[in-house]
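This report is meant for a reader meeting the structure below for the first time.

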Amino acid sequence: MLIEELSRIPGVSGDETRVRNFIKEKLSAWGIKNETDSMGNLYAFKEGGKKNEEQGIMLVAHMDEVGLMVSSIEKSGHLRFYKVGGIYENTLVAKPVRIGPRDVYGVIGAKAIHLQKKDERKKALEVDKLYIDIGAKNREDAEKVVKIGDYATFYSEAVVSGDLLKGKALDDRAGCAALLEILQRDYPFSFTVVFSVQEEVGLRGARVAAYRLNPRVALVLETTGAADLPGVKEQDYSVSLGLGPALTIRDGSAVAHPRVLDRLISVAEEQKRPYQFRSFMGSFTDAGVISLSQSGVATGVISTPCRYIHSPVSLLNMQDWKHLVEITDSFLRSVHEKGLDV
Amino acid sequence: MKELIKKLSESFGPAGCENNVRSLISDEVKKLNFEHYVDTLGSLIVKVGSKGKQRIIIAAHMDEIGLMVTFIDENGFLRFTNIGGVLTSTLPGTKVLFQNGTVGVIGQEKIKEPKELDFSKLYIDIGASNRDEALEKVKIGHTAVFMPAFHQEGNRITSKSLDDRIGCFVLLEVLKRLPSSLPNRLYFVFTVQEEVGLRGAKTASYRLKPDYGLAVDVTRVGDTPEPDFKMVVSLGKGPAVKIKDSSVICHSRVVNLMIETAEKNQIPYQLEVLEQGGTDAGSIHLSREGVPSGVLSVPCRYIHTPAEMVDLEDVENSISLLVELCKTSW
Amino acid sequence: MDLNSFLDELTQKDGVSGYEENTADFIAEAFSPFVDDTRTDNLGNLIFLKKGKSEHGPRVLICAHMDEIGLMITKIEDKGFLRFTSLGGFDPRTLPGQEVRIYGKKIVEGIIGFKPPHIYNENEKDKGVEMNDLFIDTGFSREVVEGLIRPGSTVAIKRSFITLMHNCRAGKALDDRAGVAVLLQCAKELANLAHEAHVYLVATVQEEVGTRGAVVSTYGLSPDLGIAVDVCHGDFPGALDHEVSPLGKGPVITAGPNIHPHMAERLTTVAEEYCLPYQKDVSPGPTGTDARAIQISLGGIPTGLLSVPLRYMHTSVELVDMQDIKIAGRLLAYFIMRLESGFVEGLSCL
């Protein structure tokens, strides 16, 4: 499945090349016109119906994932690193990573529990106490295969079992996969799909993409954190797995445009598809910058709920994802048929 | 049934001083005409059957936790230490009984915070007004147990030392119900000094060279308000088949046999993973070249307090399961 | 099978303490071409015999433990999440985001879940994760989970064997599968060497919960002398020199009260004579290895300890240098080749 393949590709913010190339290949194979900009955003121009009848609709998902960047190399050959994007630090210890263009294997080590004093064991292991070990003998040895500035991603294989998908970078490869699914369908109208870069470091790619396209309506396909977990109060779940895609009312970066949100709700209900509202009002998505582009864009966000985002392995329900694709599909058709007064 | 449990649980038997319990049990065993003897450390060994292929130890411990006098002050107050896992929080205001019948009550020095409460802040008051008066009744090294107060409320009984007199009771009941011909050679062992390190079981299993071991003991539950949230065993849902505790990882052959036997005979059972605590199986399984061992646990609330609580239906089901296990070839 | 593929496959066999059967089956097959006899004892210790030339030759026990630290399910929660306890000593902070395999009616995969950062309040953030905060998420509903998994189901860490630079490899359970690989290397070397001693190579069980396998296997074999092969802490940035031994500089010979002085001395002499790199370490009391059990078995067994340096012990990314393993195996083989009854008799004359 495309979603599994996409999950496996390394593509930390600022280093999305391999994700972009993978998507580009698919687009070219399907005969879809595409281009990139100077930041690396990838635009796919889906054409249908009468020529040049542009609906002014832009669909967006981001290609980048959170990851690490080599900041220095110790004399011993161990690599120190920065976090790229909001990685949950507590998940870093004892995880394997792949580094740089050569995909060098490394592991994130820390002092063995046997050697830690009692009070040491109680503290969180922050990035400044961690390092990547690639088995190098010393700094010179390490420099043969990695360099400062190399990006590193988590090494974990995507696996589908039944309705469940496990893997890294599902935020937001799930969104990318949904857009690729949409792009394979026929529509009697045209629209533009953007695979954006650098979402995780400040929504930077979508900002220039929105400026360039200056759309009327934008829909962001995201992957949002689900906290339906033990030890969490129900009011703090934000979203739950298996209850359908999540619609954003408001988050830390944008308020969903009411017409877009209403239309998403109405097509979901017409089709009897499950959906839920995201109840956590914090954090950011590309919608934040798109909605404020030029003289403003009517923007909505629909997300696949996903547990353990920004960690080595996240978990989502494929039924939620399929409903997200279908609601997006119906949304496009509905806007074409009935228009959207924004 | 109830009378014997009452007698067993009310008798005096802190670890190292199990003779009262042992005579009570050997009287019962004598009535049944089984061959039995006492080993070097004091465990009572009952031989059942002489023909079977497999030698199986079935053990329950006779000892209970208790207190031991370490010092008597000039005003006649007794200072003490623990025998086994006594919880200081259960002690203030509790009555204790010495082997000679002397009764004392535990008092507590003034403390600011509950966490300061340790054995050094506690003492036993036996009503003596000075050291000499106290010495007439109690000497240094004498031991005491919680004051017996057996009570039945519906199907549930509370008493001191159901850990593990209820196990002793289960073994005695099983002895009564066993058929004359058995596929195994069984050794019912009433062990000593379990509460201070599984000691009686260690020497008994070395002597007996068993092929398999089974301990019958109590286990903790998770069905009370705000319990240890990881524990799933409940009172009244049948005996528990132990998977592991901190002393033993039960052998899968024994675990599976216990589960199969329970299912075949429609005896309710539960599975038990105990994070902390040990049983005689911990000693038995490491004896000589290793002995595949398991544990049949009777669910019990408030373990190591003056009022341990078990459910009589669990006890009855434990007896049935053990009888069936004795009749099964291992 | 070469040592690398052996260890690769071996670390993919799940064998948490008390449940080592799968691991044992694989090891038995790999060792069979090099040994004269294979058997399993009551607790599951896997015992190989490589006979010596002389019927009355010394009887040597060499063991490495095949169990790995793991988890055990204690409870199934309302929504199908699983609570667990540990078999052996994990640092709970290494567990969030770790994939696992649960051994229920069939193998079920899961993730060790955690509360997402936005749920933490400020003062919780600096606090390390504790075991009780964690749970396993299979993604399945309670009904499905209950059909497959029960309290007592064991859980193994899922981690592939990772090839790093040079001879470095990382993975799970290298404590002490690296030691088992040392035993295999030793058996291979012995095939080409003449030796008087009868060698019992034992893959022990339940080391991580209290060296229980070594207790009973040593009793059962009653050897003249014993050597435990285990791992010791490798070097890492910020480590104190005395706590660690660098990787790639050869196996580590330990001395101290747990070790018979002649054993440490002889291992050192043999390494010197055959120009094998080695390192030395001291341990001030009973070591955290099978050696602690071997020494006090029966009437006392002269005991040695040989260790492979390993970084990040008790995590899923334990890291070793394959060369250290190979040399450790060779050192043991030469030690056995040089073993004569005189040395054994001398062990009682202190």
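This is a predicted model: local features need pLDDT of at least 70, side-chain atom pairs count only at pLDDT 80 or more; totals for chains, interfaces and linings use all residues.

**Contacts of chain C**

Chain C meets chain A through 46 residues of its own, which are in contact with 52 residues of chain A. On the side of chain C that touches chain A, the strands β7 (107–113), β8 (135–137), β10 (162–163) and β11 (168–171) of chain C each supply at least two residues, and β7(C) gives the most, with 3 residues. By class, the residues on this side of chain C divide into 20 nonpolar, 13 polar and 13 charged.

Chain C also meets chain B, where 20 residues of chain C are in contact with 15 residues of chain B. Here β4 (70–76), β5 (82–87) and α5 (212–221) of chain C each supply at least two residues of the side that touches chain B, while α5(C) gives the most, with 5 residues. The residues of chain C on this side comprise 7 nonpolar, 8 polar and 5 charged.

**Domains of chains A and B**

| Chain | Domain 1 | Domain 2 | Distance between C-alpha centres |
|---|---|---|---|
| Chain A | 2–65 + 168–338 | 68–154 | 32 Å |
| Chain B | 2–64 + 160–327 | 66–146 | 30 Å |

In chain A, 11 residues of domain 1 are in contact with 11 residues of domain 2, and the side of domain 1 of chain A that touches domain 2 of chain A is made up of 4 nonpolar, 3 polar and 4 charged residues. In chain B, the contact between the domains takes 12 residues from domain 1 and 13 residues from domain 2, and the side of domain 1 of chain B that touches domain 2 of chain B has 6 nonpolar, 3 polar and 3 charged residues.

**A helix pair in chain C**

Within chain C, helix α1 (residues 3–11) packs against helix α4 (residues 174–190) at an angle of about 145 degrees, with the axes 10 Å apart, and the crossing of α1(C) and α4(C) is right-handed. From α1(C) the contact draws on Leu3(C), Phe6(C), Leu7(C), Leu10(C) and Thr11(C), and from α4(C) on residues including Leu174(C), Val180(C) and Leu184(C). By class, the contact of these two helices has 8 nonpolar, 2 polar and 1 charged residues.

**A buried strand in chain A**

In chain A, strand β16 (residues 298–307) is largely enclosed by the rest of the structure, because 10 of its 10 residues are buried. Ala298(A), Gly300(A), Ile302(A), Thr304(A) and Cys306(A) point one way from β16(A), whereas Thr299(A), Val301(A), Ser303(A), Pro305(A) and Arg307(A) point the other way.

Strand β13 (residues 217–225) of chain A runs parallel to β16(A) and is joined to it by 9 bridges, with Val217(A) standing opposite Ala298(A). Strand β14 (residues 246–247) of chain A, by contrast, runs antiparallel to β16(A) and is joined to it by 2 bridges, and there Ala246(A) stands opposite Ser303(A). Another antiparallel pairing, of 2 bridges, links β16(A) to strand β17 (residues 314–317) of chain A, where Leu316(A) is the bridge partner of Cys306(A). β16(A) and β17(A) form a hairpin with 6 residues between them, and Tyr308(A) in the turn has a positive phi of about 60 degrees.

Conventions: Residues are numbered from 1 along each chain as its sequence is written. Chains are lettered from A and ligands numbered from 1 in the order in which they are written. Two residues are in contact if their C-beta atoms, placed from the backbone, lie within 7 Å. Helices (H or I, at least four residues) and strands (E, at least two) are DSSP runs, numbered from the N terminus. Ala, Val, Leu, Ile, Met, Phe, Trp, Tyr, Cys and Pro count as nonpolar, Asp, Glu, Lys and Arg as charged, and the others, Gly among them, as polar. Domain bounds come from an automatic or database domain assignment. Axes are lines fitted to C-alpha atoms, for helices over the stretch in contact, and angles run from 0 to 180 degrees between N-to-C directions. A crossing is left-handed if the near helix is turned anticlockwise from the far one by less than a right angle, and right-handed if clockwise. A residue is buried if 20 or more other C-beta atoms lie within 10 Å of its own, exposed if 12 or fewer, and partly exposed in between; C-beta atoms are placed from the backbone. Two strands pair if DSSP finds at least two bridges between them.
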